[in-house]
Amino acid sequence: MYESFFKLSGKPFQLNPDPAFFYGSRGHRRAMAYLEYGLHQSEGFIVITGEIGAGKTTIVRSLLEQLDPDKVVAANIVSTQIDASDMLRMVAAAFGVPSRSLDKAGLLLALETYLVSVAAAGKRALLLVDEAQNLTPAAVEELRMLSNFQLEDHALLQSFLVGQPEFRDIMQRGEMQQLRQRVIASYHLGPLDLQETQGYIEHRLTHVGWAGDPIFQPGAYTAIYGYTGGIPRRINTLCDRLMLAAYIAERHVIAEDDVREVIDELKQEFAAPRRPLPTESSPDASLTGALDSAVNAVATAQAGIEAIQLDLDRLQVSPELAERAAGLAAGYDLQRIEARLAGLEQSAAATLGLLTQLLQAVRRERPAGEERQ
């Protein structure tokens, strides 16, 4: 939407990982070096962890784009909570190995046959498992067993495990000892610092033809870093909204105040609504809301009638109409109505509490009754 306004060739702050936007910060370059070292070893596991949106997937995909497809056959899996057999089937599907009618033994044989054929063709098989923190211990063990496949003294499969920080805790468990022994490179990707945050923003803008429009003032970079903590995905989200806001307001300069205004909007959008939760000792939230609405409606009606009553002297109305208005206003005894509503609220609360106690008693008695049957 704003690309043409700022004369850009594309969207600079898209959320999807795109290797074309790879930014070589100090941490990202080091992570890339670890990956390249691991690939050079041609075996074992390489583990990359980092916060959500830190750029882990972008790094791995950037590396994969540099690989020669005539030498490396790569497959990608985004893991979920799956069991061991499903993990093997996902690996087979990622490499294009048919597995629908195979049991586990047949599946392992099919995978090994395929990996041998890849090696015989002078290529290497590389498996990328993203969101590795979702793997179950049994699924991780199946991946480790696949790393045992060898042709003479060469490993048939190498794996990248990419996950969030909790995957580091998973790796420290006792049952992961054999897997840890197969890890030849591991790196944790941290956030960008303030200077890198500015460089990251300008790098992405330059990639789509940025010529200084819009101008980001120094205070804007500081505010962006303070809100995002240097996490690339958060930076993308905030900067995309900043560009949109500048486009709508037809501004060509983004200042610190503009950043803080957009930050406030984002906080309001994601803020949880404040709604009282019902408890066993209080009336249902919907009933309380209805009672409050009733009180407010009565108060509003009375205020309106009293306002009319105050202006009766200035209005040319008949004595009969003035008397009817005065009587109507007098009939709205707000304190009396509020007292009645309060009594209704207390009765509802007592009723709800009694029903809750009866329900608990029924739940306690039900197992005993079933046992007698």
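1. The largest pocket has a volume of about 420 Å³. Of its 27 lining residues, P17, G53, G55, T58 and R233 are the closest to the centre. Two or more lining residues come from each of α2 (56–66), α8 (194–207) and α10 (232–249), and α2 makes the largest contribution, four residues. By class, the lining of this largest pocket holds 11 nonpolar, nine polar and seven charged residues. A pocket here is an open set of points, on a 1 Å grid over the protein atoms alone, where a 1.4 Å probe fits, with protein on both sides within 12 Å along at least five of seven lines; lining residues have an atom within 4 Å of a point. The volume is the space filled by probe spheres set on the points, which are joined across faces, edges and corners.

2. This is a predicted model, in which local features need pLDDT of at least 70 and side-chain atom pairs count only at pLDDT 80 or more, while totals for chains, interfaces and linings use all residues. Residues are numbered from 1 along each chain as its sequence is written, and side-chain values use heavy atoms, with hydrogens and water left out.

3. The second largest pocket has a volume of about 240 Å³. Its lining consists of 16 residues, with S42, K123, R124, H154 and A155 nearest the centre. The elements giving two or more residues to this lining are α4 (104–120), β3 (124–130), β5 (154–155) and β6 (157–163); α4 gives the most, three residues. The lining of the second largest pocket divides into eight nonpolar, four polar and four charged residues. Helices (H or I, at least four residues) and strands (E, at least two) are DSSP runs numbered from the N terminus.

4. The axes of α8 and α9 (residues 218–228) come within 9 Å and cross at roughly 110 degrees. The two helices therefore count as roughly perpendicular, a class that covers 65 to 115 degrees. On the α8 side, L194, T197, Q198, I201 and E202 take part, meeting Y221, T222, I224 and Y225 of α9. The residues of this contact (heavy atoms within 4.5 Å) comprise five nonpolar, three polar and one charged.

5. Two backbone features may be checked. The peptide bond from D213 to P214 is cis, with omega near 5 degrees, and P214 is placed in the loop between α8 and β8 (215–216). K7 has a positive phi, near 60 degrees, although K7 is not glycine; K7 lies in the segment before α1 (26–41).

6. Confidence is given by pLDDT, the predictor's score for each residue from 0 to 100. The protein averages a pLDDT of 80, and 73% of the residues score at least 70. Over residues 305–315 pLDDT stays under 50, and the model has 10 contacts beyond four places in sequence for them. Residues 368–373 also stay under 50, with zero such contacts.

Conventions:
Ala, Val, Leu, Ile, Met, Phe, Trp, Tyr, Cys and Pro count as nonpolar, Asp, Glu, Lys and Arg as charged, and the others, Gly among them, as polar. Axes are lines fitted to C-alpha atoms, for helices over the stretch in contact, and angles run from 0 to 180 degrees between N-to-C directions. Angles under 35 degrees count as roughly parallel, over 145 as roughly antiparallel, 65 to 115 as roughly perpendicular and the rest as oblique.
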